[in-house]
Each structure stands twice: as structure tokens, then as C-alpha cells.
Amino acid sequence: NMASIFFSIVQAAEDTTGGLVSCQAAGECNFCALMTMINDIVSWVIIIGTLFAVVVLAYAGMLLIFSRGDTAALEKGKQTFINSIIGILIMLAGWMIVDTTIKLVTGGKLGMWNEVECGAGEFSVGEAKYYIALTAEEIEQIRGVDDEAVGAFEQDHGIVIGGGANCPGASADQVVGIPGEPGKYLLPSAANNYVRMRQAAANDGITLRITSAWRSQATQEAIWERHNCDVTGCRGIVARPCSKGGGGSNHNGGVAVDIAGSSRGSTIYNWLKANGGRFNFYNNLPNDPVHWSPTGR
């Protein structure tokens, strides 16, 4: 009967929301929990409202069917039907407004159905708020991970996974000039690897030229400021300087190079992808194909 259907839907609504108050401990009852609760209440109201609309539509249909020439009953049935449709449209419009507002406030992704995505304790979009420092050895161990998936995880959760080993970075007296590359410097081992790689590329008819190598922390900060990264985040394009709570760049560590002409799909890029690993140079950055380093990031 109608009562059993009603209570079944109410139970389904409760099961769907998992309880209106989702947090249990005091520390869990934060802004994210508040948004989740509001979202659950709206979902519950939508389900109950849908049930009510179905009942009203059924009532309107009965009036139309059994009016039997009764003009008043026929008109009442039509008006009830129209009012219920208008009510459904108003309910859906209200749901869309609330759903979009919640997603804008929490930094969630806009989509077809309401789901609060709170992120890693922050709700702003674009700038990472947390930094996870990994040693060079740890980065080496996870190199086989799908870096595009790692990048997506960073963006979704507002965190940066990178090498704290680049802080404070290599100093000017630790790097050496690269033969044939005026004004470009690397740590001795990286410089030797690059020269060997450049020669191997030349043997295959490929010319490699460096546009950027070792950078001081001051230079990294200047690049960050020039790109207005405090506002945009510059994720995947400019590494966050150590002074900004980041791990610096592999350029600061004196082990990374940017290579001219290494656009994705180019002859130079394809050669480096196929051969760079032999000389400890990798690229796993979807948005920066010119950057080559031991970690690929």
C-alpha cells in the first residue's frame, strides 16, 4: 500500500545519506562535515519531495479519469496536475542552486549529481596547501607509479608530492660548467651524464641544447613570482620554492635540464623518451615536456 511505499522510500533516503550527522568525534565536526550534512539533508528532502509529487500526480490523474463530465472535477484535476509539475520544477531548481553553491564553497567538481568533495582539509582551488617531502631514495622507489595519476591526485587533494632533497639545493660552489653550454651548470655527475647523452644523441643525428640547468633558490623564487604562482598555483609548471613551503625544483638540486625543442611528439622528445633513462634523465610531467631529471619531475 501507499504507507509501506512511503516508509520504504524514507528508509532508502536514510540509508543513502548514512545519517544526517556524519561526524562522530568532535575533531571531525568541521566545515566539511557541515557541508556534508547540508548536502545529505537536501538529498533527503528531494527524495521525500519526489514521493509527494508522485502522490499528487496520481491524485490529479484520478480526478481526470473519474471526472465523468464533471467540469469542476476536470478543472481541479488539470490544475492539480499543473501545480504538481510546477512544484517539481521549483524543487529541482532549488536543488541545483544548493548543489552548485556547496560545490563552489567546498571546491568540488561540478557535475550531474550532488557529492561533497572536501579535499585535504582546504576548500580553495588552485593552490596546494600541504607538502609531502620525499627523499631522493623514496622518489626513486616510486618512479614506476603512473605519474599522470599522481598529478591528478595532487590536483584533486590540494597537495604536492615532491622531493624535499632540493631544499636548500645545490650551491654555486657545488656545480660545474657544462662544456659547450655557456652559462649552464649542473652537479658534476649530472653534467657528465648530460655530456654523454648529448654525444649519444649527436651520433643519432639529434642536437641537444640546454635552455635551463641549475638554478639558485633566489632564481626559483623569482620565476615563481613572475608567473604569479601564489595566485594560480602553477601546479605542474613551476615547482614551489623552499621558502614558500615547497620542495624546490630539481633545477635547484643541480640535476635537471630543460632541453630546447623537446615538445611532446617531436624528434628530440621521442629520442629522449627512448634513450634518456640510460643517462638518468626522465620526463614524467604531462605539462612540461622540456624538463628532464633523475626523478622525471
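A contact means heavy atoms within 4.5 Å. In this predicted model, local features need pLDDT of at least 70 and side-chain atom pairs count only at pLDDT 80 or more, while totals for chains, interfaces and linings use all residues. Residues are numbered from 1 along each chain as its sequence is written, and side-chain values use heavy atoms, with hydrogens and water left out.

Begin with the whole protein. Of the contacts with a separation of 6 or more, 59% join residues 24 or more positions apart. The protein has nine helices and seven strands (DSSP runs numbered from the N terminus: helices H or I, at least four residues; strands E, at least two). Of its 297 residues, 38% are buried (under 20% relative accessible area; exposed is over 50%, partly exposed in between; 1.4 Å probe, protein chains only).

Next, select helix α3, residues 71-106, which gives the most to a nonpolar surface patch, with eight residues. The patch covers about 750 Å², and among its members are Leu64, Leu74, Phe81 and Leu89. Patch residues have over 30% relative accessible area and no salt bridge, with nonpolar side chains (Val, Leu, Ile, Met, Phe, Trp, Tyr) joined within 5 Å and like charges within 9 Å; a salt bridge is a side-chain nitrogen of Lys or Arg within 4 Å of a carboxyl oxygen of Asp or Glu. Areas come from the Shrake-Rupley method with a 1.4 Å probe; for residues, only the protein chains shown count as cover. Centre on Leu89, in helix α3: its relative accessible area is 54%, so Leu89 is exposed.

Finally, select the open antiparallel sheet, ordered β5-β6-β7. Its edge strands, β5 (210-212) and β7 (291-292), each pair on one side only (pairing requires at least two DSSP bridges). Ser212 stands opposite Asp258 in β6.
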